[in-house]
Amino acid sequence: MLSIGRIFGPEYLLRLYLAGAMGGSVFYLVHHAFLAKGQATRMMDPSRTPGLGASGAVNAIMLLDMFLNPKATLYFDFIIPVPAMLLGIFLIGKDILRIIEGNSHISGSAHLGGAPVAAIAWARLRRGLF
């Protein structure tokens, strides 16, 4: 797979990273606000759990690369060859499952925040709005 930074330049990569971080942070905050609102007991308030959207930024870059090169071969767990688009679907599905299961160690909502950023960037690139 080709590097987004090499193809579109470091400024584009930085903008994509920052937009992914913002998307990840917003998704994280919205998700935790809903958790706090629906929580019956206040033993551990999820709205006070610290988080960072950097995982959303990395997810945005990875998913955009997968959208641009859907047939490229990637290696799942460094062993199993998988088409990039299939791996992208798996990553998004795993993050949705994390949200449903309530896994508190890894924020699926922050990861998912990068997905719409990648989708918007991909749509803009397809329209020629670089």
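**Reading a predicted helical chain**

Colleague: How do I read exposure, and does aspartate 77 count as buried or exposed?

Modeller: Aspartate 77 counts as exposed, because its relative accessibility is 53%. Buried means under 20% relative accessible area, exposed over 50%, and partly exposed in between (1.4 Å probe, protein chains only). The model is predicted: local features need pLDDT of at least 70, side-chain atom pairs count only at pLDDT 80 or more, and totals for chains, interfaces and linings use all residues. Residues are numbered from 1 along each chain as its sequence is written, and side-chain values use heavy atoms, with hydrogens and water left out.

Colleague: Where does aspartate 77 sit, and what is its phi?

Modeller: In general, most residues other than glycine have a negative phi. Aspartate 77 has a positive phi, near 55°, and lies in the loop between strand 1 and strand 2 (80–83). Phenylalanine 78 lies in the loop between strand 1 and strand 2 and has a positive phi near 65°. Phenylalanine 78 is exposed, at a relative accessible area of 81%.

Colleague: How many helices and strands does the protein chain have, and in what order do they run?

Modeller: The protein chain has five helices and two strands. Helices (H or I, at least four residues) and strands (E, at least two) are DSSP runs, numbered from the N terminus. Read from the N terminus, the order is α-α-α-β-β-α-α.

Colleague: What do the totals for the protein chain say about burial and surface?

Modeller: The protein chain has 130 residues, and 33% of them count as buried. Its accessible surface is about 8,500 Å², with 69% belonging to carbon and sulfur atoms. Such areas come from the Shrake-Rupley method with a 1.4 Å probe; for residues, only the protein chains shown count as cover.

Colleague: What share of the contacts joins residues 24 or more positions apart?

Modeller: A contact means heavy atoms within 4.5 Å. Among contacts in the protein chain with a separation of 6 or more, 61% are between residues 24 or more positions apart. For a separate case of distance in sequence, take glycine 24 and alanine 110: they are 86 residues apart in sequence, with 4.1 Å from C-alpha to C-alpha. Glycine 24 is in helix 2 (residues 10–38) and counts as buried, at 0% relative accessibility.

Colleague: Which residues of helix 4 and helix 5 meet?

Modeller: Ile92, Asp95, Ile96, Arg98 and Ile99 of helix 4 meet Gly108, Ser109, His111, Leu112 and Ala115 of helix 5. The residues of this contact of helix 4 with helix 5 divide into five nonpolar, three polar and two charged. The axes of helix 4 (residues 84–101) and helix 5 (residues 108–126) come within 8 Å, crossing at roughly 145°.

Colleague: How many aromatic pairs are found in the whole structure?

Modeller: A pair of aromatic rings is described by the distance of the centres and the angle of the planes. Rings of Phe, Tyr and Trp (its six-membered ring) pair if their centres lie within 6.5 Å; planes under 30 degrees apart count as stacked, over 60 as edge-to-face and the rest as tilted. The whole structure has three aromatic pairs. One of them is tilted: phenylalanine 67 and tryptophan 122, 5.7 Å centre to centre with 55° between the planes.

Colleague: Why does the pair of phenylalanine 67 and tryptophan 122 tie together parts that are apart in sequence?

Modeller: Because phenylalanine 67 lies in helix 3 (residues 54–68) and tryptophan 122 in helix 5, the pair ties together parts 55 residues apart in sequence. Phenylalanine 67 is buried, at 18% relative accessible area, while tryptophan 122 is partly exposed, at 29%.

How values were computed
Axes fitted to C-alpha atoms, helices over the stretch in contact; angles between N-to-C directions. Nonpolar A, V, L, I, M, F, W, Y, C, P; charged D, E, K, R; others polar.
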